[in-house]
Amino acid sequence: CRFFFFFQAEDGIRDAQESRGLGDVYKRQPLCSSLIEEGFAHNLALILGSQEHKPAWGSAAVAIAHTVANEGEDGKGLMEGAATFMIAEAGLIELLVDTIAQGSDNSLYALAHLCQSSLECCQRVLNYEPAGRLLMWCIDSSDNADWVQWCADIVTNMVAVWYREYGRSVHNEFADYWANIGAHVPLLTRLADDSQTPMVHESSARALRALCNCAPNFDASLCGQCCLKFNLPKPEQLCRLLVGAANRRSATDTLQSAISDLIGHVAQAGGRELCHVLQDAGALRFLVTMLDATDVRTSKAAMRSIQACCEHGSSSEVEPGFIQKLLEEISLAKPTTLGPAIGALASLAIGNQAYSSAVGEKG
């Protein structure tokens, strides 16, 4: 069974500029009156549910996005209270999905905001069966960079909302949902495609990181699905894909931070054999350069992944000077990297007399 979606972009609503991410595209658009006014959500539902009012779909979606993004004139933090509840109760989630399938890019933008706002909104998307098919189609096949970016952001936002609500102690159902329908395969394909925009690369990497962080055994599945996608007997392509994407000239700090995390997940899933491939692909060299990043999260992610590579790889594979770099990081005693640096050094020293002696010589 195949599903086909025919899109026709709206006119006169979005800025005619390259996408700049959520919360920045519609700032110059007028906002309708507050969503908490009586009957407003119901009126939006009437607009989005009527073909007669199709020219107004974009404006209705912008009103929803602005309200949820807390960009209204009153600034009362509506996304914290009644607004998202009224959106869900009025059936606006399902209506937004239906209008996306008919070409409303503003509806997709609004849906991305909603999936960032509340657990109930995300659950509505999960329970509405056409939503998953449509969003997967957009990630896999759409030629619109904005659509791909926003769909990848929806994956990330849904996983993050569950984590924000329950933490890691409760099984992340949203991460399982995207993992089970194979979202990582088109996300990896987008990440590997040099012709995609930097924002698409960044959003794809962030979504993959969110899934690897929360879906059980997802990192191992990531390796296996990559083998199938590229018809490889071993997931070597995945290692080279990640390192190559991180070393692009257009790579942003956020992209490099996400890929640093992904390399660690691959190292944990693949064991010694895959760590050897990572080493050959230049993963450790990339991670070492990330230790000097000004962003604390990036350097922390890099050191955690270095620790994973050292724990699951072979101590004979590291390059000269790597031990010295670890010792330098330990001497700096930075709270974010000290523990992983010590763990990486210990993993290398165990069973390797040469490294043990080098550590002893450096005190």
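Q: What describes the way helix H15 (residues 283–290) packs against H16?
A: Two packed helices are described by the angle between their axes and the distance between the axes. For H15 and H16 the angle is about 145 degrees, and the axes lie 8 Å apart. Axes here are lines fitted to C-alpha atoms over the stretch in contact, with angles from 0 to 180 degrees between N-to-C directions. Helices are DSSP runs (H or I, at least four residues), numbered from the N terminus. This is a predicted model, where local features need pLDDT of at least 70 and side-chain atom pairs pLDDT 80 or more, while totals for chains, interfaces and linings use all residues. Residues are numbered from 1 along each chain, and side-chain values use heavy atoms, without hydrogens or water.

Q: Which residues of H15 and H16 meet?
A: Leu284, Leu287, Val288 and Met290 in H15 touch Thr298, Ser299, Ala302, Ser305, Ile306 and Cys309 in H16 (contact means heavy atoms within 4.5 Å). This contact has seven nonpolar, three polar and no charged residues. Ala, Val, Leu, Ile, Met, Phe, Trp, Tyr, Cys and Pro count as nonpolar, Asp, Glu, Lys and Arg as charged, and the others, Gly among them, as polar. The crossing of H15 and H16 is left-handed (the near helix is turned anticlockwise from the far one by less than a right angle).

Q: Why is H6 called oblique to H8?
A: The axes of helix H6 (residues 119–127) and H8 cross at roughly 135 degrees and come within 9 Å. That angle makes H6 oblique to H8, the term for what is left after under 35 (roughly parallel), over 145 (roughly antiparallel) and 65 to 115 degrees (roughly perpendicular).

Q: What makes up the contact of H6 with H8?
A: Seven nonpolar residues, no polar ones and one charged residue. Leu119, Cys122 and Val125 in H6 meet H8 residues Met158, Val161, Trp162, Glu165 and Tyr166.

Q: Which helices each supply at least two residues of the lining of the largest pocket?
A: Helices H8 (145–166), H11 (198–214), H14 (253–280) and H16 (296–312) do. The lining has six nonpolar, five polar and nine charged residues.
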